[in-house]
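Here is a briefing on the structure shown below. It is grouped by topic, for quick reading.

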Amino acid sequence: MTLAFVGGSHRTVPMELRERLAFSAEQAAVALRRFRQRFPGREGVLLSTCNRVELYAASEHDSEPPAPRQLVDFLAECRGIDAALLAPVLAGENDQAAVHHLFSVASGLDSMVLGEPQIVAQVKQAWALAQEEQTAGPLTGGMFQAALRTAKRVATETAIGRERLSIPSIAVADFARGVFERFDDKRVLLVGAGKMAHETLRYLRDAGARDIVIVNRSMARAEDLATRLGARAARFSDLLDELVRADLVVSTTGATEPVVTLDLFTGAERRRGGRPLLVLDLAMPRDFDPRIGARPGVWLYSIDDLGAACDANRKTRQREMPGALAIVEEEAQRFMGDLHHRSSAPVIEQLRAGWTETGESELDRLFRRLPGLDDTARAEIRQSFQRYAAKLLHSPLTSLRNESHSGPPHGLLDALRRLFDLKD
Amino acid sequence: MAEIVSRISVVCFAASYAVALACEGSRLLFRSGIRGAVMVGFAAAGVLAHTLFLGWRAANEPAVPLSSAYDWYLLAAWLLACGSLWLTVANPRTPTGLFMLPLVLSLIGAAEMSSRAPFPQSPATQVWGAIHGSFNLAASVAVAFGAIAGMMWLIQAGRLARKQAPAQGFRMPSLEKLARFTGRSATIAAWAAAAGFASGIVLNAVNRQQGLLESIPWNDPVILRMGALVAWLVTAALLERAASRRPDGPRTIALLSLVSLGVLTLSILWGLFGASRHGVPPRQTGPLPMPAAEQVMLTVALPTAPAPRPGVIR
């Protein structure tokens, strides 16, 4: 065993305990320093996000990494939590299972929102912090680099992170951007102050929207919200005029009857000069009479319409899961194969050195017996010897590499040691 | 190098465009990490081969460069292919090639069916001939670009009306951008076609003044259909301008752009398969020349025929 991890995520750890277990960047740095003192010579990387806390440990050569139980105790100690509380909710894995887990996490396959991309940056940060605190090493380095490579493959070769899942992001990216090319010259009208208004406005601002007007039944509330969002407040009685001027309406009132009836809209429509109007009706019950959506130049989307697009995207992500898992499996096997192959490096080096030494002594003997050879001939002969040795070594090295794919090639290494009298 | 360039054939770049088109089409079927690079690679290779082919012809043809119907179609195809490549690189998530490359391949096909003989030129008519051809080329390319944008507008509007998220690998530009592009293309097409027609009249007048033509052949089918095409494009541009302030204006503009492409296609087919005296030698009598696979739709009316043909009495 050379790799290990313990940790818990939103799947296993209750939220209250997860909050207590979470590490800030400073706390993670302190924990890694403590790890270095507690487990000298071992590598450690701490990944702490809002949904998971995981500690990866590794050890090169023949020493073992800390046992999972020790890692649980360490996490409990760092966060001042009773280890007995943590042990039942944290999971631990070794070697290939640990690698497989990290690759899945980095690819967003273990995230609360399947395929979410932020985890890649969090994995990078965790690795960078471990490097800063000098708890990272060649094993965890290789593992985390391979994890990031896997995440990139999953992102490019599957559509698992491609489709958006939140209603405001879909409303803006898939629908508003489908209608309008730019938003900096558009008037955005916010009707009401429902909970989704903030997030939708955030996406619209990111898209370039600057001219935002808020209309609410309570003028004080509208002004308060306008101040916070850097927008302008208008009276509810001016709704018709604002509808005339608006290019995009986000409506989130708590009204029980439609706020914008067909008659009201028809009055505004005549004065709009044929400009298209996009309406994101995020209220329930709806603020806009659905018949308005049938008017030419009007693109009306209710929360159900956007929810249906969310569901379709969620299903698309789920459909990509088998392909993503296959990539993770392939990369994990490749990484473990390389890791196992590394364990055979000392034997290969000894073997190579022994053969080189024998070859050199034979060459010296040959050159002494043939003193008339010039430098060119000597170089040719030396090169032939080296090629011959390399060809003889090729088959055993290939066998070792192939054997590494299914685990550490202890049997072959032992056979090589005995056959060629290599010392440990 | 010259030997390599001289071996480039139409098949080379047509095949490259066809592979790029197949790559574009496969977007709808499966995802691939390298498809974009392969697609751009083949399209760029096609444009390069196409450019070298035209350059070689321009440098080695004895007549005025690129002055045959064959060259005209290939030049139009080249402009569209360059536009397609540029738009694909600038908007990698939009399947521009899926719309543009079929037009490129159609124009290459039309080139293969048309005459390679250069239109006869004299120093006096060269300038007006070039102006006439260039305006007609600009009009045709503008119609093609406008129709593609119009088609994209209708697809995008259909998707938004069905309230569906964009399909994988099939993300269209915004309605606003497409409507603006369609409208501008219609205006450019109308102005360019009108200028092309007017310069054609001037060209014929110059020929007549120099005694190369007895009279301007106003009733020639090519002139008639060119006149009809110009009339349609100008009408379409006016209709589009009138519709632009109506809520359903963008849809009307998109539909008009498709009709314009239809009218242009009919005009090209008429030019390929119809009969005309357009571009045949002056003072020639007898039956109309046979099809016109030898004729070009938007070409200069010039006094001498490229080659003797059955049915043409000299």
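**Helix α6 of chain A and the wider model**

Just after α6(A), A:Gln134 takes a positive phi of about 60°. The model is predicted. Chain A has a mean pLDDT of 88, and 98% of its residues reach 70 or more.

**Confidence in chain A**

- The lowest confidence in chain A falls in helix α9 (residues 195-206), with a mean of 82.
- The highest falls in strand β2 (residues 43-48) of chain A, at 94.

**Helix α6 of chain A**

- Helix α6 of chain A covers residues 118-132, which makes 15 residues.
- At 1.5 Å a residue, α6(A) should span 21 Å, and its end C-alpha atoms are 21 Å apart, so the two values agree.
- Its buried residues are A:Ile119, A:Val120, A:Val123, A:Ala126, A:Trp127, A:Leu129 and A:Ala130.
- An α-helix has 3.6 residues a turn, so residues three or four places apart point the same way.

**The antiparallel sheet of chain A**

- Four strands of chain A form an open sheet in the order β2-β3-β1-β4, with antiparallel pairing.
- β2 and β4 (91-94) of chain A stand at the edges. Each has a single partner strand, so one side of each is left without a neighbour in the sheet.
- On average, neighbouring strands of this sheet are turned by 15° against each other, direction ignored.
- Strand β1 (residues 3-9) of chain A pairs with β4(A) over 4 bridges, in the antiparallel sense.
- Within β4(A), A:Glu93 is the bridge partner of A:Phe5.
- Helix α7(A) packs on the sheet and touches β1, β2 and β3 (52-58) of chain A. The direction of α7(A) makes about 40° with that of β2(A).

**Parallel strands of chain A**

- Strand β5 (residues 187-191) of chain A runs parallel to β6(A), and 5 bridges join them.
- β6(A) also runs parallel to strand β7 (residues 232-234) of chain A, joined by 3 bridges.
- A:Val215 lies in β6(A) and is the bridge partner of A:Val191. A:Val215 also stands opposite A:Ala234 in β7(A).

**Chain B**

- Chain B has 9 helices and 0 strands. Along the sequence the pattern is α-α-α-α-α-α-α-α-α.
- Of its 314 residues, 45% count as buried.
- Among contacts in chain B with a separation of 6 or more, 76% join residues 24 or more positions apart.
- Helix α7 of chain B has 35 residues, 175-209. At 1.5 Å a residue it should span 51 Å, and its end C-alpha atoms are 50 Å apart, which agrees.
- Just after α7(B), B:Gly211 takes a positive phi of about 80°.

**Where chain B touches chain A**

- The contact involves 18 residues of chain B and 25 residues of chain A.
- On the chain B side, α6 (123-161) and α7 each supply at least two residues.
- α7(B) gives the most to that side, with 3 residues.
- By class, the chain B side has 5 nonpolar, 6 polar and 7 charged residues.

Conventions
Residues numbered from 1 in each chain as written. Chains lettered and ligands numbered in written order. Predicted model: local features only at pLDDT ≥ 70, side-chain atom pairs only at ≥ 80, totals over all residues. pLDDT = per-residue confidence, 0-100. Expected span 1.5 Å × (residues − 1). Buried ≥ 20, exposed ≤ 12 C-beta atoms within 10 Å, placed from the backbone. Contact = placed C-beta atoms within 7 Å. Nonpolar A, V, L, I, M, F, W, Y, C, P; charged D, E, K, R; others polar. Pairing = 2+ DSSP bridges. Axes fitted to C-alpha atoms, helices over the stretch in contact; angles between N-to-C directions.
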